[in-house]
Amino acid sequence: MTLSVIKYTKDDKRPDQDYLFCGVDARISGTQKENASVDIYTNAAIKILPLQLKLSPLDCIECKIWPLSYDIGFTYAGHVGVSLYTYALLSYLCKDIHFTTPEIKDSMPFPSIESIAVLARNILLDYIKDYGSILTMEAFAQIVLFGFCPQKHDFVVYNIEPKISKYEGVDVTITNIDIKNIPYFAIGSGKKGFAQNITQNGGELKSGMIRKFIENQECNSSVGGYYQRAVYSRNGLTLYSESPSSDIEMKMLGRYGMVYSLGTHYISLTSTLRCDYE
């Protein structure tokens with residue numbers, strides 16, 4: 001099962017403290033066959049990824065203060081290979097962005113998230129067509145880009161999803177999700193079950209419901225923990241990962257993401273965990 005949920009949260013007393021929250025079920029499973037259980041391949045897939053936009057000058061005189069960078073949230077559902085190939089090429093291309101005119105440097109230094117969504121759509125469509133010749137509809141993948149747009153000065157969520165037309169074949173559409181005016185936005189095979197769970201619990205998405213829903217799903221303790229989340233505030237993107245319970249060991253992710261030494265530095269995806277987030 002795949003589930004990725006994004007919701008907008010604000011504090012009426014502190015309007016500048018609003019943020020986007022993304023919680024995901026990080027398991028990767030096989031295709032469920034009739035009257036058969038789902039095979040879980042891993043519980044530690046990374047399904048929230050930081051997409052870094054890196055601006056570089058064409059004039060080497062400015063190299064002392066450049067490049068500048070900016071992160072966008074990237075989450076996905078569907079075919080893992082197609083999703084990650086799309087992310088890899090998109091990430092590679094976004095590492096070398098330049099201004100069309102010198103004046104743009106001061107007025108709008110970063111491109112809009114919508115423009116990146118258009119690029120992601122084109123890449124995803126190409127990969128779906130390439131893999132679709134072999135895998136047909138199993139090559140389908142859905143991508144969501146989210147963040148605080150530097151041009152719109154607001155939080156945005158773009159859903160990038162394949163569609164099939166009887167006459168035009170496969171296409172990929174982009175939808176600007178009005179995230180501030182809906183309870184949440186979800187993708188993946190688990191979104192129907194998640195919606196039913198909310199209905200059964202009063203019909204309102206409350207704090208902790210995403211985590212609890214994922215924790216209550218069947219898991220494979222021999223693989224490891226499977227809950228990941230991200231917070232995109234006005235200060236940027238922060239990633240968190242943790243084991244859903246003390247009985248589950250985060251074997252793969254925990255091995256590298258808990259406290260992993262880099263000599264003079266270290267990696268810790270849980271060291272800045274905030275309890276007030278989902």
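Arg234 and Asp18 form a salt bridge, with their closest N and O atoms 2.7 Å apart. The model is predicted. This pair links distant parts of the chain. Arg234 sits in the loop between strand S11 (227–233) and strand S12 (236–242). Asp18 belongs to strand S2 (residues 14–25), 216 residues apart from Arg234. How exposed or buried are the two partners? Arg234 has 39% relative accessibility, so it counts as partly exposed. Asp18 has a relative accessible area of 2%, so it is buried.

A search of the whole structure finds four salt bridges. Another of them joins the side chains of Arg121 and Asp171, at 2.5 Å from N to O. Arg121 lies in helix H3 (residues 113–135) and Asp171 in strand S9. They are 50 residues apart, and again the pair links distant parts of the chain. Asp171 is partly exposed, with a relative accessible area of 29%.

Lys180 and Asp154 form a further salt bridge, the closest N and O atoms being 2.7 Å apart. Lys180 is in the loop between S9 and strand S10 (185–187), while Asp154 is in strand S8 (residues 154–165), so the pair ties together parts 26 residues apart in sequence. Both ends are partly exposed: Lys180 at 35% relative accessibility, Asp154 at 25%.

Strands S8 and S9 lead on to the sheet. Five strands make up an open sheet in the order S5-S6-S7-S8-S9, with antiparallel pairing. Which strands stand at the edges? Strand S5 (48–55) and strand S9 (169–177) do; each has a single partner strand, so one side of each lacks a neighbour in the sheet. From one strand to the next, the twist averages 25 degrees.

Now look inside the sheet. Strand S6 (residues 68–78) pairs with strand S7 (residues 141–149) in the antiparallel sense, over six bridges. Thr75 stands opposite Val144 in S7. Helix H1 (residues 80–93) packs on the sheet and touches S5, S6 and S7. The direction of H1 makes about 165 degrees with that of S6.

The length of H1 can be checked. At 1.5 Å a residue, its 14 residues should span 20 Å; the end C-alpha atoms are 20 Å apart, which agrees. Which residues of H1 are buried? They are Val82, Ser83, Thr86, Tyr87, Leu90 and Ser91. These residues cover an arc of only 160 degrees around the axis, which puts them on the same side of H1.

Key: Residues are numbered from 1 along each chain as its sequence is written. This is a predicted model: local features need pLDDT of at least 70, side-chain atom pairs count only at pLDDT 80 or more; totals for chains, interfaces and linings use all residues. Side-chain values use heavy atoms; hydrogens and water are left out. Two strands pair if DSSP finds at least two bridges between them. Helices (H or I, at least four residues) and strands (E, at least two) are DSSP runs, numbered from the N terminus. Axes are lines fitted to C-alpha atoms, for helices over the stretch in contact, and angles run from 0 to 180 degrees between N-to-C directions. Contact means heavy atoms within 4.5 Å. The expected span of a helix is 1.5 Å times one less than its number of residues. Buried means under 20% relative accessible area, exposed over 50%, partly exposed in between (1.4 Å probe, protein chains only). The arc is that of the directions from the helix axis to the C-beta atoms.
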